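Dear colleague,

Please find below the structure that I am handing over to you. My notes on what was found in it follow directly after.

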Amino acid sequence: MAEMILGAAFEAEGLGLDVTVDSAGTTGYEAGRPIDPRAARRLAETHLGSEHHVARAWQAGWFRERDLILALDVDHYAWLRDAAPDAHAMNKVRMLRSFDHAAAGSDPLDQGIEDPWYGGHADFDAVWEQIRGAVPGVVAHVRTVLGQAAPRQQLMQQQVRSIS
């Protein structure tokens, strides 16, 4: 879900040609499988397609190729940091919710998003909200890294929100 939500956000912000969003698991257990039907249902509710998604396993070479590596749960965060070949690669690994103002600044152990696979539709809805909470921060971070200012209208909307 995070891949599709972030991809759509970057497209909406006019960064779709500058940013590539993809996803992988830390193990190959799910590799080759489609997205969970409950996640697909939640994405479809907002017209985000997931029919082409196929799970795959993380590849060590991506530490070199990726600029930002986002972990959703604490186990994946620890695994990615342990697997990083050097300090530069390890510093690319961040918890997704570290970009959410509600969770930023808290310990990474408190920023995890629980895997909804064991739950029901409500759990996928909760994960949806947690991911969405981090999206503005991720987009702002990427804009800063790319050296691009947010569109003026959006800046004004952010200022209005912060005042109210």
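M4 has its place in helix α1, where helices (H or I, at least four residues) and strands (E, at least two) are DSSP runs, numbered from the N terminus. Please note that this is a predicted model, in which local features need pLDDT of at least 70 and side-chain atom pairs count only at pLDDT 80 or more, while totals for chains, interfaces and linings use all residues. Residues are numbered from 1 along each chain as its sequence is written, and side-chain values use heavy atoms, with hydrogens and water left out.

With a relative accessible area of 12%, M4 is buried; here buried means under 20% relative accessible area, exposed over 50%, and partly exposed in between (1.4 Å probe, protein chains only). Not counting residues up to four places away in sequence, M4 touches I35, L43, L48, G49, S50 and H53, contact being defined as heavy atoms within 4.5 Å. The C-alpha atoms of M4 and E65 are separated by 20 Å, the two residues being 61 residues apart along the chain.

A nonpolar core is taken as a set of buried Ala, Val, Leu, Ile, Met, Phe, Trp, Tyr and Cys residues joined through side-chain atoms within 4.5 Å. The largest such core has 25 residues, and those with the most contacts inside it are M1, I5, F10, L43, L96, I131 and V138. Two or more residues of this core come from each of the elements α1, α2 and α6. Helix α6 gives the most to it, with 9 residues. Leaving aside neighbours within four places in sequence, L43 is in contact with M1, M4, I5, I35, L48, S50 and W128. A second, separate core of 11 residues includes W58, A71, A84 and M95. As background, nonpolar side chains tend to be buried together in soluble globular proteins.

**Salt bridges**

The structure holds 11 salt bridges, each being a side-chain nitrogen of Lys or Arg within 4 Å of a carboxyl oxygen of Asp or Glu. One of them joins D22 and R66, with the closest N and O atoms 2.6 Å apart. This pair links distant parts of the chain, 44 residues apart: D22 is in the loop between α1 (2-12) and α2 (37-44), and R66 is in the loop between α3 (62-65) and β1 (69-71). D22 counts as partly exposed because its relative accessibility is 32%, whereas R66, at 18%, counts as buried. A network of salt bridges links D22, R56, E65 and R66.

**Aromatic rings and charges over rings**

There are 3 aromatic pairs in the structure. Rings of Phe, Tyr and Trp (its six-membered ring) pair if their centres lie within 6.5 Å; planes under 30 degrees apart count as stacked, over 60 as edge-to-face and the rest as tilted. W58 and W62 form an edge-to-face pair, at 5.3 Å centre to centre and with 85 degrees between the planes. W58 and W62 are both buried, and W58, W62 and F63 form one aromatic cluster. The rings of W117 and Y118 have centres 5.0 Å apart and planes at 90 degrees, so this pair is edge-to-face. W117 is partly exposed, with a relative accessible area of 47%, and Y118 counts as exposed at 71% relative accessibility.

A charge sits over a ring if NZ of Lys or CZ of Arg is within 6 Å of the ring centre and within 35 degrees of the ring normal. The charged end of R42 sits over the ring of W128, 4.2 Å from its centre. The charged end of R33 likewise sits over the ring of Y29, 5.2 Å from its centre.

**T26**

T26 lies in the loop between α1 and α2 and is buried, with a relative accessible area of 19%. Its contacts, neighbours within four places in sequence left aside, are W58, H76, W79 and L80.

Yours sincerely
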